[in-house]
Amino acid sequence: MRSAADVWEKVKSLMEGGMTAVSIETWFGDVEAVALEDTRLVLCVPTDFKRNIIRTRFQPTVEQALKELFSFDVDVALLLPEERDAYARQSAAPAAAGGDVNKYTFERFVVGSTNRFAYTAAKNVAEEPGGSYNPLFIYGQSGLGKTHLLHAIANKVRHDHPGFRIMYVQSEDFVNELIGNLRRGIDMQGFREKYRQVDLFLMDDVQFIAGKDSSEEELFHTFNTLYEQKKQVAFTSDRPPHEMLRLEQRLKTRFEQGLSADIQPPDYETRVALLKNKALERGISLPDPVLSYVAENITSNVRQIEGVVNKIMAFQELMGAQVDVDTTIRAVRDILRAKENFLPSAETIIQEVARFYDMDASAVTGQSQNKEISTARNVAMYIIREMTQLSLAEIGQQFGGRHHSTVLNSINRVEKMMKAQPELMEIIRDITNAVNSAY
C-alpha cells in the first residue's frame with residue numbers, strides 16, 4: 001500500500017510537466033503529507049497565506065496529478081499545523097460502532113418516503129454544523145438507519161472541515177466510562193474535556209441515559225457547554241423525547257428545542273431499492289421476481305434485509321445455485337422461520353435484566369431480599385412470563401426452585417407497580433428491546 005508521503009512525492013513529480021522546478025519548490029517544498037484516505041490526500045501547509053495560494057492557483061493541478069496516479073478522483077485537504085494536531089487526535093480515536101464507519105455516507109443511504117425527512121435534516125446539519133437544526137434528534141426502531149445517518153454526518157463534516165474535532169459515542173459507553181471513573185476515583189476533568197472540547201458531538205441510542213442520574217447530569221452540562229459555543233449536537237433514540245418517562249425534564253427540553261425527525265420502517269419500494277443496493281455492493285444482481293419475494297416477506301428493518309442478501313450470496317457461492325425464487329426461498333426460509341417463531345430464553349432475559357440494573361445474574365436468581373435486587377427479580381419474572389411460553393412452575397425453577405405461587409405474586413406486584421409508576425413500563429420496554437436486539 002502506498003504511503004501518503006510516497007503519493008505526495010509522486011504527485012510532485014507528475015506536476016513537473018506543467019510547472020517549473022522553482023515553482024514546485026517554492027510552493028510545495030515545505031508541504032507535508034499527513035494521511036492518505038480512501039478518496040482524499042491530507043496535506044499540511046505551514047502558513048495560511050501559502051494555503052490560500054495553493055487553493056486558488058494550484059489545487060486543480062494537484063488533483064489532476066492524483067487522478068493520473070489513481071485513475072479516479074481524489075480530493076485534497078489542506079491543514080494548518082494547529083489543525084493537523086486536531087486531525088491526528090481524531091484519527092487516533094477508536095472506530096465507533098465497529099466495522100468500517102467510512103462506508104456510512106449520504107450517498108450510500110437509500111432514501112424513501114419513510115426516511116426522507118430524517119435524511120434531509122441530517123444532510124443539512126452536515127452541511128451547516130451548528131446552524132439552524134441544533135440539536136438534531138433522530139428517532140425510530142432499531143435497524144432503520146439512524147446510526148448510518150450519524151456516521152454520514154461525521155464523515156461529511158470530517159471531509160469538509162478536516163480540522164474539526166468530532167466525537168461519536170454510544171450512550172452505554174458514555175455511561176460505562178462515567179461509572180468506571182467514579183468507581184476508581186478518577187478526576188472527572190479529563191472526562192469532561194473529552195466530550196466538551198469538540199466541534200461535533202454525536203450520541204447514539206440516548207434512551208439508555210434515562211433514569212441514570214449521574215449520566216444525565218453529565219450529559220446535561222455537556223449539552224449546555226457545546227450548545228452555548230454553537231457546536232453541533234445530534235442524538236438518536238428509539239423513541240421521541242416526550243416518551244422517555246424516566247428522563248429529566250430539563251434534558252427533554254434540550255432535546256426538543258432543535259429539530260426532531262422520525263424514521264419509519266421502509267415501504268415496499270424502499271425495500272426493493274435497499275435490496276438492489278446491498279446486492280450491487282456485493283457484486284451480484286438479483287432478478288426482479290427475487291426482489292419482489294424478499295421485499296414482500298422481509299419488512300422489519302435494514303439489517304435484516306442485509307442479512308438476507310448475505311445469505312443468498314453465501315447460498316449461491318457454496319451451493320453453486322442460480323439465484324431464482326426457489327433458491328431464494330430455500331436460502332432465507334431459516335431467517336423467516338426464526339423471526340416468526342423466535343422466543344428468547346429465560347437465561348437471556350435474566351442476563352438483560354441484570355445488565356440493566358448493573359448487578360450479577362446470580363443476584364437476580366438468588367435469595368437476597370435487598371429492595372433493588374427484589375425489584376429486578378420481579379421484573380425478570382414478569383418479562384419471562386410475557387416473552388416466553390414457560391409455565392409459572394418452570395419460571396420458578398429459573399429462580400432457585402421458587403414455588404409457582406411466589407412467581408405469580410411477583411408478576412402481580414409488577415403489574416400493580418406499572419399502574420402506579422409509568423416509569424416502570426419504560427424500564428420493561430427498554431429491557432424487552434434489549435432482549436430482542438440480542439437476537
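1. In this predicted model, Phe191 is buried, with a relative accessible area of 4%. Its ring is paired with that of Phe174, the two centres lying 5.3 Å apart and the planes meeting at 55°, so the pair is tilted.

2. Ring pairs link Phe174 and Phe191 into a cluster with Phe137, Tyr139, Tyr195, Phe201, Phe223, Tyr227, Phe235 and Phe255. Over the whole structure, a search finds 18 aromatic pairs.

3. Because Trp27 lies in helix α2 and Phe49 in helix α3 (residues 48-70), the pair ties together parts that are 22 residues apart in sequence. Are its two members buried or exposed? Trp27 counts as buried, at 16% relative accessibility, whereas Phe49 is exposed, with a relative accessible area of 59%.

4. Helix α2 (residues 21-28) has a buried side made up of Ile24, Trp27 and Phe28. Seen down the axis of α2, these buried residues fall within an arc of 85°, so they line one face of the helix. An α-helix has 3.6 residues a turn, so residues three or four places apart point the same way. The face of α2 turned away from the buried side carries the exposed residues Ala21, Val22 and Glu25.

5. The model contains an open sheet of 5 strands in the order β5-β6-β7-β4-β8, with parallel pairing. β5 (166-170) and β8 (259-263) stand at the edges, each with a single partner strand, so one side of each is left without a neighbour in the sheet. On average, and with direction ignored, neighbouring strands of this sheet are turned by 15° against each other.

6. Strand β4 (residues 136-140) is joined to β8 by 5 bridges, and the two run parallel; Phe137 stands opposite Ser260 in β8. Helix α6 (residues 146-160) packs on the sheet, touching β4, β5, β6 (200-204), β7 (232-237) and β8, and its direction makes about 165° with that of β6. β5 and β6 also pair in the parallel sense, over 5 bridges, and Tyr168 stands opposite Leu202 in β6.

7. The edge position of β5 should be read together with its burial. Although one side of β5 is left without a neighbour in the sheet, 4 of its 5 residues are buried, so the strand is largely enclosed by the rest of the structure.

8. The largest nonpolar core has 30 residues, and those with the most contacts inside it are Tyr357 and Ile383. The elements that give two or more residues to this core are α15 (346-356), α16 (361-365), α17 (371-387), α18 (392-397), α19 (404-420) and α20 (422-438). Of these, α17 gives the most, with 9 residues.

9. Which residues does Ile383 contact, leaving aside its neighbours within four places in sequence? Ile383 is in contact with Ile349, Val353, Ile428, Ile431 and Thr432.

How values were computed:
Residues numbered from 1 in each chain as written. Predicted model: local features only at pLDDT ≥ 70, side-chain atom pairs only at ≥ 80, totals over all residues. Heavy atoms only, no water. Buried < 20%, exposed > 50% of the residue type's maximum accessible area, 1.4 Å probe, protein only. Arc of directions from axis to C-beta. Pairing = 2+ DSSP bridges. Axes fitted to C-alpha atoms, helices over the stretch in contact; angles between N-to-C directions. Contact = heavy atoms within 4.5 Å. Core = buried A, V, L, I, M, F, W, Y, C linked by side-chain atoms within 4.5 Å. Phe/Tyr/Trp six-rings, centres within 6.5 Å; stacked < 30°, edge-to-face > 60°.
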